[in-house]
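Please read this briefing alongside the sequence and the 3D view.

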Amino acid sequence: MKITTRQLVFMALLIALSFVGAQLKVFGTIAFDSLPAFLGTLLMGPVAGAIIAIIGHLLTALTSGFPMTIPVHLAIALGMGLTMVATWYTYAFIKKAANEIVALIVAVIIAAICNGPILLLLCSPLLIPMLTWPGVIAMMIPLAMVGGLNALIAAIVFKALPASVKNQVAAAIATQA
C-alpha cells in the first residue's frame, strides 16, 4: 500500500486526536482513543484504521504507565487493529447488500463485540494471570460499551461529514491504486 502525503497527514491528525481521546479514560486504560481510528477506518479503509488504532491504543497505555505490561498492550493494540479491519469489511459488505445507515449500525455492533468480548478472549492467555477469569469477564461489558460508543460517535461524524470531504479522501485513496 502506497500512502500519499495527504493520507499521511490525515492519519497523523487522527493519531493526534487518538492521543487526546486517550486522556479521556473511563476505566484504567479504557478510553476514547479508538474513536479517531473508527473514523479513519470508515474514511480511509482498514489499513489506515488499523495503524491509527494500534498507535492510539499504545498512546493510551503509555499515558497509563502500561498497567498490564508492554507485551499485553502490544497484543491488545494488534487486536484493536484487527477490530478496525472487521469493522471496515462489515461496513463495506453490508453497504453493498443494504444501505449506508444499516451498514453503519451493523458495523458499530460488530465493533463493540470485537472490541469487548472477542478481544478479551483472544488476549485471555496473557490477561488471566493478572486479572483472573472473573476480572477478564468483568471487563467485557465496559470495553464493549466504550468501544461501541467510540464507534457510534465515529459513525455519526462520518455520516455528518459533507460529501466533499469524503470525496477528497476517496480521491486520494483512488489515486494510489
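**Backbone, surface and interior**

The model is a predicted one, and the points below are grouped by topic.

**Positive phi angles**

- Thr132, which is found in helix α5, has a positive phi of about 65° although it is not a glycine.
- Phe66 is another residue other than glycine with a positive phi, here near 45°, and its place is in the loop between α3 (46-63) and α4 (70-97).
- Phe66 has a relative accessibility of 22% and therefore counts as partly exposed, since the term buried is kept for values under 20%.

**Nonpolar surface patch**

- Ile101, Ile105, Ile109, Ile113, Ile118 and Leu122 together make a nonpolar surface patch of about 550 Å².
- Ile105, one of the residues that make this patch, has its place in helix α5, which covers residues 100-160.
- The relative accessible area of Ile105 is 48%, so this residue is classed as partly exposed, given that exposed requires a value over 50%.

**Salt bridge**

- Side chains of opposite charge can pair when their charged atoms come close.
- The structure holds one salt bridge, in which the side chains of Lys159 and Glu100 meet at 2.8 Å, taken from N to O.
- Lys159 is partly exposed, because its relative accessible area is 39%, whereas Glu100, at 18% relative accessibility, counts as buried.

**Cavities**

- The count comes to two cavities of 30 Å³ or more, and about 40 Å³ of space lies in the second largest cavity.
- Phe38, Leu42, Thr87, Leu104, Ala107, Val108, Ala151 and Ala155 line the second largest cavity.
- Two or more residues of this lining come from each of the elements α2 (35-44) and α5, and α5 gives the most, with five residues.
- By class, the lining of the second largest cavity consists of seven nonpolar residues and one polar residue, with no charged residues.

How values were computed: Residues are numbered from 1 along each chain as its sequence is written. This is a predicted model: local features need pLDDT of at least 70, side-chain atom pairs count only at pLDDT 80 or more; totals for chains, interfaces and linings use all residues. Side-chain values use heavy atoms; hydrogens and water are left out. Patches are made of residues with over 30% relative accessible area and no salt bridge: like charges are joined within 9 Å, nonpolar side chains (Val, Leu, Ile, Met, Phe, Trp, Tyr) within 5 Å. Accessible areas come from the Shrake-Rupley method with a 1.4 Å probe; for residues, only the protein chains shown count as cover. A salt bridge is a side-chain nitrogen of Lys or Arg within 4 Å of a carboxyl oxygen of Asp or Glu. Helices (H or I, at least four residues) and strands (E, at least two) are DSSP runs, numbered from the N terminus. Buried means under 20% relative accessible area, exposed over 50%, partly exposed in between (1.4 Å probe, protein chains only). On a 1 Å grid over the protein atoms alone, a cavity is a set of points where a 1.4 Å probe fits but cannot get out, and a pocket is an open set with protein on both sides within 12 Å along at least five of seven lines; lining residues have an atom within 4 Å of a point. Grid points are joined across faces, edges and corners, and a volume is the space filled by probe spheres set on the points. Ala, Val, Leu, Ile, Met, Phe, Trp, Tyr, Cys and Pro count as nonpolar, Asp, Glu, Lys and Arg as charged, and the others, Gly among them, as polar.
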